[in-house]
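The sequence and model are shown first.

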Amino acid sequence: FYRILLALGLISGVLVVISVTEMFGTRYNKTRVAAAAILSAALYLTSDVWGYMSGNLVSEVPAIFLLCCGALALTQAIRYRSLVLTFVTGLLAFLLYVVSMESIWFFLAFTLYLLILIITGTRQYLWWPAFIVSGAFALLLYSFYAWWFYPLANPRLLIEFAGGFDTKNVN
């Protein structure tokens, strides 16, 4: 199952590269960019990391899948102005948070980078509902999650827990 999930994440990652290249154009040949993305994916498939991650139960595999699929859903929602894909983006962002809390920062960074590219470059793709609705939907899902699992999902507890450790140098 993890091999399939990782392969689908890898394919989604390649499609994100192709989609962003098509959205913003580039001074490089689009065919070469696509070929480079496919070559990178093929090299990853032959690496030891692929064998390790696809054969072990680690949270990174579903996180890679959700991250790449979420990024692909966001780019497609913007390109086609699809409200359905906007909700899918919010759902995938929430699931990414649930699977691997620290991975949500990669998704947020990609979203911010995409927004900056759109604002400074190709304004024809500026479609605020993609960002606002997906973010609001992810926040709504998180709010329900935090309410259901209260107090475990309370960020204040994490801060208090981390503050309880003594961080003095031993030496």
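A93 counts as buried, at 7% relative accessibility, where buried means under 20% relative accessible area, exposed over 50% and partly exposed in between (1.4 Å probe, protein chains only). The model is predicted: local features need pLDDT of at least 70, side-chain atom pairs count only at pLDDT 80 or more, and totals for chains, interfaces and linings use all residues. Residues are numbered from 1 along each chain as its sequence is written, and side-chain values use heavy atoms, with hydrogens and water left out.

A93 is found in helix α5. Helices here are DSSP runs (H or I, at least four residues), as are strands (E, at least two), numbered from the N terminus. Apart from neighbours within four places in sequence, A93 is in contact with I104, F107 and A138; contact means heavy atoms within 4.5 Å. The C-alpha atoms of A93 and G135 are 8.4 Å apart, although 42 residues separate the two along the chain.

F137 belongs to helix α7 (residues 128-148). Between F137 and A93 there are 9.3 Å from C-alpha to C-alpha and 44 residues in sequence. With neighbours up to four places away left aside, F137 contacts F87, G90 and L91.

T89 lies in helix α5, which spans residues 83-99. Beyond four places in sequence, T89 touches G70, A73, L74, F107 and S134.

| Residue | Relative accessible area | Class |
|---|---|---|
| T89 | 1% | buried |
| A93 | 7% | buried |
| C68 | 17% | buried |
| C69 | 17% | buried |
| F137 | 22% | partly exposed |

**Cysteines**

A disulfide is a covalent bond between the sulfur atoms of two cysteines. The criterion used is a pair of cysteine sulfur atoms within 2.5 Å. A search of the whole structure finds zero disulfides. For C68, the closest cysteine sulfur is that of C69, 7.0 Å away and therefore too far for a bond. The closest cysteine sulfur to C69 is in turn that of C68, at 7.0 Å.

**Packing of α1 and α6**

Two packed helices are described by the angle between their axes and the distance between the axes. Helix α1 (residues 2-24) packs against helix α6 (residues 104-120) at an angle of about 20°, with the axes 11 Å apart. This makes α1 roughly parallel to α6. The axes are lines fitted to C-alpha atoms, for helices over the stretch in contact, and angles run from 0 to 180 degrees between N-to-C directions. Angles under 35 degrees count as roughly parallel, over 145 as roughly antiparallel, 65 to 115 as roughly perpendicular and the rest as oblique.

On the α1 side the contact is made by V16, V20 and F24, and on the α6 side by F110, L114, L117 and I118. By class, the contact has seven nonpolar residues, no polar and no charged ones.

**The chain as a whole**

The secondary structure of the protein chain comes to eight helices and zero strands. Its C-alpha atoms fill a box of roughly 55 × 40 × 35 Å along the principal axes. Of the 171 residues, 39% count as buried. Among contacts between residues at least 6 apart in sequence, 71% join residues at least 24 apart.

How values were computed. Nonpolar A, V, L, I, M, F, W, Y, C, P; charged D, E, K, R; others polar.
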